[in-house]
Amino acid sequence: MVKQSAFVAIYGLENRILLNASDEVVQAARSAIQEIVESYRRPTMTEEDIRRGVYLDIEDPVKELVEGGRKELNRLYRVAA
């Protein structure tokens, strides 16, 4: 069972992103949050699933967010330089 406080922390982070990030990064954050929340509905992997490498088929829920954030930081660094 997931603690509600974990979800409160996730949505708090989303709001901090909303204050500081571009629309592209905000959308990526929302997608990542949605994917994380949905992952809690999936069945728990068994030891056998892990041995078979089932986890390799799972997409990284924050990859798009991280890539968007890096692009945005790079743009900000170029402007500031």
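**View 1. Asp 49 in helix 3.** Asp 49 lies in helix 3, residues 47-52. Helices here are DSSP runs (H or I, at least four residues), numbered from the N terminus. The model is predicted: local features need pLDDT of at least 70, side-chain atom pairs count only at pLDDT 80 or more, and totals for chains, interfaces and linings use all residues. Residues are numbered from 1 along each chain as its sequence is written, and side-chain values use heavy atoms, with hydrogens and water left out. Is Asp 49 buried or exposed? Asp 49 is buried, at a relative accessible area of 17%. Buried means under 20% relative accessible area, exposed over 50%, and partly exposed in between (1.4 Å probe, protein chains only). Setting aside neighbours within four places in sequence, Asp 49 contacts Thr 44 and Val 54. Contact means heavy atoms within 4.5 Å.

**View 2. The largest nonpolar core.** Seven residues form this core: Ile 17, Val 25, Val 26, Ala 28, Ala 29, Ala 32 and Leu 65. Helix 2 (residues 23-39) gives the most to the core, with five residues. A nonpolar core is a set of buried Ala, Val, Leu, Ile, Met, Phe, Trp, Tyr and Cys residues joined through side-chain atoms within 4.5 Å. Beyond its neighbours within four places in sequence, Leu 65 touches Val 25, Ala 28, Ala 29 and Ala 32. In soluble globular proteins, nonpolar side chains tend to be buried together.

**View 3. Helix 2 against helix 4.** The axes of helix 2 and helix 4 (residues 63-80) come within 8 Å and cross at roughly 160°. Axes are lines fitted to C-alpha atoms, for helices over the stretch in contact, with angles from 0 to 180 degrees between N-to-C directions. The two helices are therefore roughly antiparallel, a term for angles over 145 degrees. From helix 2, Glu 24, Val 25, Ala 28, Ala 29 and Ala 32 make the contact; from helix 4, Glu 64, Leu 65, Gly 68, Gly 69, Glu 72 and Arg 75 do.

**View 4. Val 66 in helix 4.** Val 66 sits in helix 4. Val 66 is partly exposed, with a relative accessible area of 47%. Val 66 and Val 25 are 41 residues apart in sequence and 8.5 Å apart in space, C-alpha to C-alpha.

**View 5. Phe 7 in helix 1.** Helix 1 (residues 4-20) holds Phe 7. Phe 7 is partly exposed, at a relative accessible area of 22%. Between Phe 7 and Asn 74 lie 67 residues in sequence and 30 Å in space, C-alpha to C-alpha.

Definitions and conventions. Parallel < 35°, antiparallel > 145°, perpendicular 65-115°, else oblique.
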